[in-house]
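Here is a set of questions and answers on how structural terms are applied. Each answer sets a value against its definition.

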2 protein chains.
Amino acid sequence: MKEIEVQGQRSMKETLESDQLSEWYNKVIKEAGLVDQGLARGTIVLRPYGFALWKGIQSYLGNSIQEKGVEDAYFPAIVPEKFLTKEKEHIKGFAPEFLRVQGRGGIIGVLRPTSEAVMYPLFSKWIKSYKDLPLKINQWCNIFRDELRTYAFMRTSEFLWQEGHCAFANSEENEEAVMDYLEMYKDTFEKLLAVSPVFGKKSEKEKFAGAFYTTTGEAMMPNGKALQVCTSHNLGTNFSKAYDIQYLDKDGKRKYVYQTSWGFSWRAIGAMILTHGDKKGLILPPNIAPIQIVVIPIRDGKADVEKSAKDIKDRLNSFRVKVDLTDDRPGQLYYKNELKGIPLRIEIGPRDLVNDQVILVDRLTGEKENVSNDDLKEKVTEKLDLIQRGLLERSKKLVEDNTHDVDSWQEFTQLLKGEQGFLRTYHCGDRKCEELIQEETKATLRCIPYGYEQTEGICIKCGKKSIYGQKVLFAKAY
Amino acid sequence: MKEIEVQGQRSMKETLESDQLSEWYNKVIKEAGLVDQGLARGTIVLRPYGFALWKGIQSYLGNSIQEKGVEDAYFPAIVPEKFLTKEKEHIKGFAPEFLRVQGRGGIIGVLRPTSEAVMYPLFSKWIKSYKDLPLKINQWCNIFRDELRTYAFMRTSEFLWQEGHCAFANSEENEEAVMDYLEMYKDTFEKLLAVSPVFGKKSEKEKFAGAFYTTTGEAMMPNGKALQVCTSHNLGTNFSKAYDIQYLDKDGKRKYVYQTSWGFSWRAIGAMILTHGDKKGLILPPNIAPIQIVVIPIRDGKADVEKSAKDIKDRLNSFRVKVDLTDDRPGQLYYKNELKGIPLRIEIGPRDLVNDQVILVDRLTGEKENVSNDDLKEKVTEKLDLIQRGLLERSKKLVEDNTHDVDSWQEFTQLLKGEQGFLRTYHCGDRKCEELIQEETKATLRCIPYGYEQTEGICIKCGKKSIYGQKVLFAKAY
């Protein structure tokens with residue numbers, strides 16, 4: 001593989017001032033035609049251009065899920081409340097956000113805030129013997145949580161996600177599966193969305209309500225804050241005990257199954273948009289871009305340019321190409337297609353026809369290049385690949401440049417008042433201490449990252465010995 | 001195309017007595033692993049084998065929808081009630097079945113019983129000029145209606161469907177589109193599901209609440225009753241006036257758009273199951289069967305038979321093949337795979353290995369045939385094609401054999417007391433008269449079929465002249 005230069009680099013300060021980020025985001029996703037506001041409070045509409053991104057994720061991640069032998073199914077959106085209260089920690093975590101459903105005869109249930117409580121009573125019926133294991137189920141569906149402050153893709157009263165739920169006979173297999181699904185998410189972020197989150201384990205305080213432990217991907221936003229973009233939970237036997245999911249083992253004994261659950265929502269789209277966008281609007285990674293190349297004929301009233309533009313689309317039929325024949329001035333068309341984040345633009349005018357060439361414009365770097373028609377396909381392939389890799393490199397560099405090793409509480413608080421970023425330091429592992437840090441600084445322990453060096457140290461806050469045997473990451477939540 | 005014999009014919013009386021049909025249905029769909037009961041009243045769970053059928057429909061019908069230039073989008077499931085009340089007929093039709101959603105601050109809306117009211121306020125924002133037309137949107141989603149009597153796939157409080165919503169500048173284009181989408185549904189029923197509904201227009205009494213007119217597909221169930229399996233509505237300007245969807249035309253005038261909406265739900269799966277099944281269980285048309293061929297090694301402890309079974313799967317890799325290695329007696333395995341409706345079974349035992357052959361068993365006819373390994377691929381292709389076509393022919397024949405031309409009221413009532421079927425006769429077109437027929441016989445006017453001869457006649461009930469210029473179909477609803 002060719003070495004690539006990281007191009008079009010953007011510091012957090014450079015193009016999008018931190019406090020303007022939400023404003024930029026809300027404006028761009030609407031103007032680019034991704035979303036609109038729904039009629040009910042806290043809901044959004046995915047317009048075709050926005051839904052195409054979700055379809056891209058469904059297709060890529062869906063294939064990975066199938067390859068792991070997980071089967072798609074569909075469970076009801078409404079669950080009677082009594083099933084939600086079986087796992088005590090679980091209910092505490094979700095109860096405030098319940099949306100209840102009222103029919104002719106009164107309340108019939110709650111809209112699923114996640115589907116453990118919907119699925120596991122059925123798992124309990126279906127799993128009888130070791131022969132029924134492992135059971136691996138996935139569902140793409142809508143999820144409902146009564147959010148007070150809503151934000152498109154990030155926090156809405158209804159959102160779309162994929163949730164996997166697996167049951168295994170033994171703890172080791174279950175543990176492996178947790179990491180396996182997290183790896184699958186990592187692959188989707190890196191290869192498809194060109195986003196590079198940090199993966200690790202959540203602290204006891206931050207884990208999923210009812211889980212044994214939670215693993216997570218934490219993406220850094222351009223303002224240095226952290227966004228949890230996926231989770232894979234080891235539920236241990238917490239839920240199988242609450243929902244009585246037992247199997248008869250080969251040795252004739254009844255045993256509780258070990259379980260995982262793992263989810264990936266449309267929040268990933270929000271993370272991708274924030275990670276790559278610039279002042280001109282979206283920048284979509286070629287692998288997910290619904291339109292990879294827009295061809296703009298500079299017609300000047302000449303029909304042969306339009307024909308030529310269509311020929312280019314035909315020649316580039318292995319890519320997702322659109323010829324923009326909108327009746328606007330070229331400048332207007334450039335603006336609109338840049339806003340939409342289309343990775344490559346091909347301009348073709350009467351003079352290019354004479355010279356048997358086109359102009360190729362790179363959305364990431366803004367570079368313009370004359371390309372002869374003979375070289376076009378090769379050049380386009382190369383450019384799209386460069387943009388995809390360039391975006392991922394830039395995402396990695398953002399995290400690297402803004403992850404700070406912190407040794408003192410003073411430095412810790414100062415960074416959180418100022419430039420933000422991920423703060424790499426030691427923590428004692430005590431929940432009270434973690435809560436105190438959050439109260440004083442609004443920063444939370446995002447994760448105990450995988451792949452860090454095993455080191456000893458003392459807690460940044462209380463000075464007690466760290467229990468994690470490595471550094472951890474603190475950051476403010478986006 | 002080779003002439004095919006209609007095989008494995010089943011009269012309504014023969015294999016499934018009419019009153020046993022529901023019992024058979026509920027038993028088979030559960031035992032075959034398609035569905036289970038949901039936790040909330042009136043909901044069902046689609047297990048992987050059942051959901052694979054819905055995925056098959058999504059893939060086939062989804063491609064057709066894309067090819068028509070309709071784009072997928074996603075709109076919220078919750079809609080504030082005030083938007084539902086804009087079209088007066090529409091609200092009257094759905095209000096009793098509303099499921100309301102209650103959040104922290106009280107009722108926030110209704111769960112979509114269909115999405116006209118969710119989408120059209122946004123259409124009103126998005127459509128400004130003739131340049132924005134046609135607007136063609138589709139969504140695959142869950143739908144909620146508070147049903148009193150529920151029946152898997154047919155009538156549940158939550159169900160899955162696809163709903164298309166299009167807006168056009170002129171009435172002719174809109175009218176063409178209505179038929180175009182109905183044709184698409186017909187193609188899906190015939191080519192994928194091997195079901196042959198009768199297509200036609202609904203009467204004023206039976207049309208969709210708020211529509212200008214409704215077109216429908218009416219499938220005949222084995223007990224001679226009718227099941228509405230899809231609809232395509234011409235909404236005219238009824239909704240664009242209620243939701244103020246206007247565009248600025250080329251002539252500088254503001255005009256209301258013409259609209260269609262069209263839906264296809266998982267009820268189609270129910271219709272398919274009832275149409276094809278027999279005493280042994282499901283019979284799935286090869287084009288939609290998640291498993292087209294099951295290979296059963298008759299091992300007698302010999303490992304080479306198992307290897308051979310796997311080789312067959314490899315050789316037949318253009319089909320959906322499963323090798324059943326479950327540790328049961330062959331008889332048990334046959335029973336289970338027949339119940340699941342797998343179109344073809346390949347049996348292979350030690351003696352077959354010696355003779356370089358297998359036994360091929362046809363789920364539709366029950367025929368067994370020795371097939372040499374050299375001919376296997378060709379034979380399997382031919383058999384699957386025969387089964388697919390045979391099922392469609394049988395479905396067509398069921399409708400033909402049980403559609404009765406009826407000239408007298410006495411005959412009409414007698415047939416409805418006895419053998420049922422579709423009753424082809426004249427009707428005056430008067431709503432009161434139609435209501436009277438329903439009261440006295442429970443039969444409804446299912447549709448005014450397309451493709452019937454233009455003829456004059458007098459109403460079967462009141463003797464007035466028919467307004468339809470052709471015969472119509474009455475039947476009891478399944």
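On one side of α13(B), Q410(B), Q414(B) and K417(B) are exposed. The model is predicted, so local features need pLDDT of at least 70 and side-chain atom pairs pLDDT 80 or more, while totals for chains, interfaces and linings use all residues. Residues are numbered from 1 along each chain as written, chains are lettered from A and ligands numbered from 1 in written order, and side-chain values use heavy atoms, without hydrogens and water.

Q: Why can the buried residues of α13(B) be said to line one face?
A: Helix α13 of chain B spans residues 409-417, and its buried residues are F412(B), T413(B), L415(B) and L416(B). Seen down the axis of α13(B), they fall within an arc of 160°, so they line one face. The arc is taken from the directions from helix axis to C-beta atoms.

Q: What do the buried residues of α13(B) pack against?
A: They pack against β20, β21, α14, β22 and β23 of chain B. Contact here means heavy atoms within 4.5 Å.

Q: What makes β15(B) mostly covered?
A: In strand β15 (residues 293-297) of chain B, 5 of 5 residues are buried. I293(B), V295(B) and P297(B) point one way, V294(B) and I296(B) the other way, and all are buried.

Q: How do you know that β15(B) and β16(B) pair?
A: Pairing needs at least two DSSP bridges between the strands. β15(B) and β16(B) have 3, in the parallel sense. In one of them, V294(B) partners K322(B). β15(B) is also joined to β17(B), by 5 bridges, and these strands run parallel. There, P297(B) partners I348(B).

Q: Why is the relation of chain B to chain A that of a two-fold axis?
A: Chain B can be laid on chain A with an RMSD of 0.0 Å by a turn of 180° and a shift of 0.0 Å along the axis. That is the relation of a two-fold axis. The superposition is by least squares on C-alpha atoms of residues with pLDDT of at least 70 in both copies.

Q: What makes R104(A) and D146(B) a salt bridge?
A: The rule asks for a side-chain nitrogen of Lys or Arg within 4 Å of a carboxyl oxygen of Asp or Glu. R104(A) and D146(B) meet at 3.6 Å, N to O. The rule finds 6 salt bridges across the interface of chain B and chain A.

Notes: Buried means under 20% relative accessible area, exposed over 50%, partly exposed in between (1.4 Å probe, protein chains only). Helices (H or I, at least four residues) and strands (E, at least two) are DSSP runs, numbered from the N terminus.
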